[in-house]
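Colleague: I'm new to this one. Can you walk me through it?

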Amino acid sequence: MDNENNTTMNGTDDRHESAATAPAAESAPAAQNAAPKLPIEKLSARQLLELDACTRCGECSNWCPAYDQDNREPLTPRGRATQFRDIIRRQYGAFSAESFLGKLLGKKQVSAQELSGFAKDLYACSTCMQCHFVCPVAIDTVELWERIRECIVDTGFGPLPTQQDLVLKTKNYDNPWGQPRSSRARWGKVAKKKKRINEVPKDISKDKADVLYFVGCTASYDTNVEEVGINTVNIFEAAGVDYGILGNKEKCCGSVLLRMGDAASFKRICTENIEQFNALGASTLVTSCAGCLKTIKEDYARHGKLNFEIKHTLEYVIDLIKAGRLKLTQPLNMKVTYHDPCHLGRHAGIFDAPRELLSLIPGIEFVEMERNRENSRCCGAGGGLKSGYPDMQNQISQKRVKDAVQTGATELVSGCPFCYQGLQIGIQAMDAPIKMRDITELVCMAMGLAPATHEDTEDAEE
Ligand code: SF4
Ligand code: SF4
């Protein structure tokens, strides 16, 4: 991974806007003009009703990680729903600015500047779904934010300039890193050369296999988290799993496009992936990434049928243990806490499996953070927040790392390369006395295999 791309994805460059100062989309019409009408037909009748269902109780504000960093009402889920409702009422309906009653009541047209400001607030959200879980009227907030983002993209006001790069690169290169398709499987060849794996994973499109290991863009291209793929391969090899990867034919799952509001591009990549996956004849798709899991398992269902099961690596490892194909025998003697990735936990409902897996590893002392499971604090990396508002993501990540350090744990474990990256940012910023680990690393150690670690990766690069 070259520095330029590392900087872009890790959000460690100097783009330090707050929600109030982030620039508007370059393509946004001139600020003084009336804003184009939002295509509200993208919202279902239920979603339009949800805008009115909000009781304005403010419970969501007490939990929202973005509002926690930037205390402005428009950033709260309540404020966002209210702003949007106000905009569409002024564009449509009996009291619209153009209507007789609207003119009589002095309703103002929605200006481009106003819509641009709303877009900045709308994208200051990690789509963590915490607001849904605490909302007393159970508003399906993230679905609502994503549909509203679609409206904003259609009118040329989103995503924000610092997020457009991710979308463009995903559209042009099938990965948000802008790396060539031809180097997607390079990590496996390099790992074999450096003797970190025994064999390069086979190409499942040429040689059929029972399991498709969907590596995902982050673990494939980001050398800072390549140990996730390496450890997974070593676990599969040791357990005798008949698996393969798509290598250079693997494409992004499209999550970034969907979260950013580019529904048309998502549909294109999703339907191509469904066709490619279904043709393989695999019984199970296993992925290391919480975002890939949520997207393929839940969002793809709107565009087609999948002819295989979808599992996260940690769920699949539990299956292998239960089938007697994998044994965790080496005590680790570690104090461990677990961070629930938003897309694995709140979005996909997988809370028990990681805890079960950790309980099967001998010698582990497991401690929960105060905020766990449904109320787990987000690491801030999702929903485009890391590229749109890197400072905010850094602060959110530090808060989560503080939660982990307070438990007295020495290891912070998660099951998502994106959280792995996102929490590393907080650990590094605080120089925190805790080590970030993907759950596959602990599984390797407990199997008696030499795990690939972040330090090994850094040493291997020197
Ligand atoms: S999804 Fe998360 S970040 Fe976004 S508004 Fe809800 S609580 Fe805040
Ligand atoms: S918790 Fe739900 S009802 Fe209460 S203000 Fe937030 S979105 Fe509205």
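Modeller: Here is a short tour, starting with the overall layout. Keep in mind that this is a predicted model.

Colleague: Fine. Which domains is the chain divided into?

Modeller: The division gives domain 1 (24-158), domain 2 (173-322) and domain 3 (334-454).

Colleague: What separates the centres of domain 1 and domain 2?

Modeller: Their centres, taken over C-alpha atoms, lie 35 Å apart. The two are in contact, with 7 residues of domain 1 meeting 6 residues of domain 2. On the domain 1 side, those residues split into 2 nonpolar, 2 polar and 3 charged.

Colleague: Now the ligands. How many residues surround ligand 1?

Modeller: There are 14. C64, C125, C128, Q130 and C131 are the closest.

Colleague: Which helices supply at least two residues each of that shell?

Modeller: Helix 3 (65-69), helix 7 (130-134) and helix 8 (141-154). By type, the shell has 10 nonpolar residues, 4 polar and no charged.

Colleague: And which residues come nearest to ligand 2?

Modeller: C54, C57, C60, R78 and C135, out of 13 around it. This shell does include charged residues: 3 of them, with 8 nonpolar and 2 polar.

Colleague: Back to helix 7. Where is F133 found, and what is it in contact with?

Modeller: F133 is found in helix 7. Apart from neighbours within four places in sequence, F133 is in contact with R346, E374 and N375.

Colleague: Is F133 buried or partly exposed?

Modeller: F133 counts as partly exposed, because it has 17 C-beta neighbours inside 10 Å. Being buried would take 20 or more.

Colleague: Different topic. Which residues have the most contacts inside the largest nonpolar core?

Modeller: Y213 and V443, in a core of 125 residues. Leaving out neighbours within four places in sequence, Y213 is in contact with P201, T232, F236, Y243, I245 and V286.

Colleague: What holds strands of a sheet together?

Modeller: Strands pair through backbone hydrogen bonds, either parallel or antiparallel.

Colleague: How many bridges are there between strand 3 and strand 4?

Modeller: Strand 3 (residues 284-287) pairs with strand 4 over 4 bridges, in the parallel sense. T287, for one, has H312 in strand 4 as its bridge partner.

Conventions: Residues numbered from 1 in each chain as written. Chains lettered and ligands numbered in written order. Predicted model: local features only at pLDDT ≥ 70, side-chain atom pairs only at ≥ 80, totals over all residues. Near = placed C-beta within 6 Å. Nonpolar A, V, L, I, M, F, W, Y, C, P; charged D, E, K, R; others polar. Core = buried A, V, L, I, M, F, W, Y, C linked by C-beta atoms within 7 Å. Buried ≥ 20, exposed ≤ 12 C-beta atoms within 10 Å, placed from the backbone. Domains from an automatic or database assignment. Pairing = 2+ DSSP bridges.
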